[in-house]
Amino acid sequence: MIKPKKKQQQNKMEQLIQNKRQEHLELLNQLEKLEIQQSTKEMQIIQTITQQQKKEHDIEIIAAPQLVSPKWLMNLKPNMTYECDVVTQEESELDQIVKHQLKEKIQKQKEMQQQAYLELINELDLQSKHHAYDEKVKEDFKCTYQYMSQGRLVSIDIKYYDFLKLNPQNYVNDTIINFFLRFIENDIFKNKSLFIYNTYFCTRLLSFHAEYKQIYTQYLQNNQMLQRWTKDNIFMKQYILFPLHLREHWAVIFVVNPLQVCEQLCNNNYQLSTDVNKNGYLIYFDSLLIQDQRIGIQIKFYLMHVYNLEHKRYSDDQIYEIVMRSTVPVHQPIVPRQTNLVDCGLYMLEYVERFLMNPYQILNNLEQDHLKWFPKVMIFIKRILIKKILNALSSGQKDYAIRYQENCRMIDQQFTDSNQYDYIDEQLLEQLQVPRLQFHLSEDYNYYYDVSPSVGV
């Protein structure tokens with residue numbers, strides 16, 4: 001028989017065990033509830049991420065058609081962006097010999113042409129009673145060009161190394177590009193409603209990620225620094241110019257009426273004016289006709305952020321969605337094209353100059369090609385004319401330098417033959433189905449090289 005005291009202890013122990021079991025069950029129930037809650041949260045997060053990805057995917061699809069080019073160019077395959085490489089094909093030994101002979105013949109033609117063009121330019125100098133400066137400069141050459149920008153005096157130093165970039169078969173560098181843009185802005189056109197960005201600014205502005213969200217994230221990281229570069233009110237300007245350095249290639253975007261561009265971005269039901277000159281436009285000039293949707297979209301990001309600094313209407317996420325869902329196109333006219341790998345900078349400068357001479361010529365004919373915008377030889381001549389400007393400025397002969405445009409008009413008058421202008425055989429290009437870069441650079445496919453070297457004065 002169990003003693004009462006021992007029985008009492010046993011009951012107490014059993015009660016403790018029962019209590020522990022109950023606590024354990026309650027703890028298990030709580031853990032189960034927590035797991036269910038956690039699982040529910042994870043499912044909600046997954047659904048949110050999926051919805052966000054779908055939303056971003058939808059936005060990226062919507063963004064695709066924002067670059068507007070002629071249909072025959074847009075439909076060509078394979079398409080070309082700045083990641084594309086030139087496609088090479090195996091060639092027989094005989095093909096290589098024939099191509100080598102063809103290149104030698106073309107090179108001789110070019111040399112004859114260039115000599116004829118030099119004689120023409122010198123003749124024009126004599127007709128204008130200008131001094132024909134010697135293009136051969138010494139290694140200590142230096143030209144300092146000064147201009148006013150955003151209320152302060154800025155200098156660009158062009159040295160011997162930069163001057164050599166104007167020789168044929170050389171890329172022009174940022175120094176030459178920035179100098180010439182400032183020269184025509186301040187001394188040729190003197191247009192107060194024009195704002196030209198620095199090439200270094202545009203390098204900071206652009207990125208080339210594959211996804212738009214990555215592009216926008218990088219843009220936001222640079223945004224504060226980018227805003228410090230611009231002190232003028234760009235929305236008081238009629239034209240904004242972005243010279244773009246795109247992975248060993250130069251191109252340019254003009255923004256026409258930037259305030260209207262932002263209003264159109266914010267309101268897809270914006271009523272366009274019947275006067276084309278009062279609407280907002282983004283116009284993209286590229287001498288290789290490369291199509292890359294990302295370029296114009298990044299310009300829109302920047303414009304909307306500058307616009308929002310004053311209006312304070314939108315968050316960063318809202319600006320992203322506004323730009324990606326906008327129906328404001330980036331027009332890409334068909335313009336004279338380069339047929340080598342080094343002249344893109346000269347073409348870009350020529351596009352800028354020709355546009356500023358007569359912007360309405362482009363605005364009123366956005367859907368047409370502009371292959372006869374300027375004679376092909378103008379690109380070779382432009383190297384020489386910029387050299388003459390630099391020589392004149394370094395010698396204190398600014399009067400000669402600012403008569404540059406008069407020389408250009410006289411040169412234009414010498415080239416009236418249709419063979420002196422660009423031509424694209426659309427049917428041939430479509431039949432060949434070769435990458436456009438290969439088509440541009442191949443002597444077999446274009447007519448740039450089949451030009452008579454005889455030039456009359």
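This report describes a helix, a strand pair and a pocket in a predicted model.

## Basis

Residues are numbered from 1 along each chain as its sequence is written. Because the model is predicted, local features need pLDDT of at least 70 and side-chain atom pairs pLDDT 80 or more, while totals for chains, interfaces and linings use all residues; side-chain values use heavy atoms, without hydrogens and water.

## Strands β2 and β3

Strands here are DSSP runs of E with at least two residues, and helices are runs of H or I with at least four, numbered from the N terminus. Strand β2 covers residues 142-149 and β3 residues 152-159; the two run antiparallel and are joined by eight bridges (pairing takes at least two DSSP bridges). Lys142 is opposite Lys159 of β3. Two residues lie between the strands in this hairpin, where Gln150 has a positive phi near 50°.

In a regular strand, side chains alternate between the two faces of the sheet. On one face of β2, Cys143, Tyr145, Tyr147 and Ser149 are buried (under 20% relative accessible area, 1.4 Å probe, protein chains only).

## Helix α7

Helix α7, residues 212-228, has 17 residues and spans 24 Å from first to last C-alpha, close to the expected 24 Å (1.5 Å times one less than the number of residues). Its buried residues include Tyr212, Tyr219 and Leu226.

## Lining of the second largest pocket

Helix α5 (174-189) gives the most to this lining, with six residues. Elements that each supply at least two residues include β2, β3 and α6 (199-205).

Note on methods. Buried < 20%, exposed > 50% of the residue type's maximum accessible area, 1.4 Å probe, protein only.
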